[in-house]
Amino acid sequence: MLKRYLRQSDPEVYEILVKEDQRQENSLEMIASENFVSQSVLEAYTSTLTNKYAEGYPGKRYYNGCEFADEIETLAIERAKKLFNVNFVNIQPHSGAQANAAVFLAFLNPHEPFLGMDLAHGGHLTHGSKVNFSGRLYQPIFYGVKKDDETIDFDQIYKLAKEHKPKMIIAGFSAYPRILDFNKFREIADSVGAILMADIAHIAGLVAAGFHPSPIGVAHVVTTTTHKTLRGPRGGMIMTHDEEIAKKINSRVFPGTQGGPLMHVIAAKAVAFGEALKPEYKEYIKKVIDNAKTLAETFLERGFRIVSGGTDNHIVLLDVGKKGLTGNVVADELHAIGITANKNTIPFDPHPPMITSGIRFGSPALTTRGLGKDEFRKIGHIICDLIENIDNDTMKQKLKKEVEEIVKQFPMDKFRLDY
């Protein structure tokens with residue numbers, strides 16, 4: 001429906017978009033960072049607000065004609081404040097990475113030290129990777145997980161904090177399947193006078209629905225994306241209870257790191273927050289967690305090793321190195337039978353990031369699509385069967401047909417209008 005003009009005006013682009021629609025329709029999406037938005041979010045995203053420049057903030061714009069941009073941004077902010085029970089929200093960051101960049105700019109000078117989770121142990125690029133602005137402009141010190149149980153090593157964080165006196169500590173991850181104890185992070189931050197930044201990009205939906213402890217009021221500042229478990233458009237936002245921090249953050253977002261906000265995306269954020277405020281959203285997040293736990297249990301029942309031995313959220317990290325395989329190979333083979341996941345390093349991984357010993361699976365997108373514990377159990381067995389028969393073409397064809405059968409039971413056009 002949203003491409004009715006494009007088909008005639010630019011058939012080349014149209015055909016590519018149709019192929020992407022078909023890819024999403026005909027595969028099982030298990031990338032933990034991805035989700036499916038509603039038709040309402042899509043419609044807001046493609047609105048005429050994409051035409052409007054609105055540099056500045058509601059009531060304080062640089063251009064005229066922003067009265068309705070002000071209305072939609074104010075609505076998005078108020079819904080986000082209610083959703084997370086927070087006093088201040090900046091809804092303008094184009095992405096989680098840009099939200100993080102604004103926080104760095106607010107609290108650190110170039111080359112000053114901060115503590116972040118090691119990318120190889122589950123951290124994010126913007127938490128200090130040497131190829132990212134956070135590692136190039138600032139001085140990262142990395143903490144990780146314990147070798148015995150693969151949970152965050154708070155003793156290590158405390159020692160590193162005492163030794164290096166970081167200006168900021170980041171509590172957050174890209175691939176960590178357990179609950180984050182924000183109070184422990186805050187205790188350590190206070191002991192060295194550091195700012196605590198919580199990056200809840202992956203677990204924002206769980207926090208909003210009450211299935212993960214909230215960092216609001218514990219961390220000085222909180223960043224997140226608006227997609228992933230929050231099930232909105234791709235984008236970011238920054239939250240805090242502190243009025244002075246809020247002023248600093250606002251100036252570091254605009255004009256500090258970006259110009260005019262993407263008003264059509266902010267409209268889509270407002271719609272997504274409205275959906276997340278409905279009682280049905282809590283039911284959805286509970287299913288997200290239940291489905292991830294079912295997948296983890298299935299792997300364990302089949303004799304596979306998963307990082308930390310289980311999951312408390314939407315992420316399951318499977319160790320395929322124990323089966324003599326690498327993540328890149330398994331991810332490609334999964335893709336060939338219709339399951340989309342990503343290779344991922346695991347703690348103490350002997351392989352580099354483009355090879356890896358792990359696969360990261362997530363439950364949000366397929367839960368949105370309507371799949372439940374029975375389907376996740378089936379998918380778990382399909383994945384195990386594939387790994388155990390990685391060179392068996394006959395088996396792979398059989399598994400591909402099983403994936404196709406599951407896909408047919410949950411058409412994409414049904415769920416988009418259901419929430």
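This report describes aromatic ring contacts and charges over rings in a predicted model.

## Basis of the model

Local features require pLDDT of at least 70 and side-chain atom pairs count only at pLDDT 80 or more, whereas totals for chains, interfaces and linings use all residues. Residues are numbered from 1 along each chain as its sequence is written, and side-chain values use heavy atoms, with hydrogens and water left out.

## Aromatic pairs

The structure holds ten aromatic pairs (rings of Phe, Tyr and Trp, the last by its six-membered ring, with centres within 6.5 Å; planes under 30 degrees apart are stacked, over 60 edge-to-face and the rest tilted). Tyr53 and Tyr63 form an edge-to-face pair, because their ring centres are 5.6 Å apart and their planes stand at 70°. Tyr63 counts as partly exposed, at 40% relative accessibility (buried means under 20% relative accessible area, exposed over 50% and partly exposed in between, for a 1.4 Å probe and protein chains only).

Tyr62 and Phe254 are also an edge-to-face pair, with 5.6 Å from centre to centre and 75° between the planes. Tyr62 is exposed at 58% relative accessibility, while Phe254 is buried at 10%. Elsewhere, ring pairs join Phe104, Phe114, Phe133 and Tyr138 into a cluster.

## Charges over rings

Two lysines are described here. The charged end of Lys147 sits over the ring of Phe348, 5.0 Å from the ring centre (NZ of Lys or CZ of Arg within 6 Å of the ring centre and within 35 degrees of the ring normal). The charged end of Lys323 sits over the ring of Phe304, at 4.4 Å from its centre.
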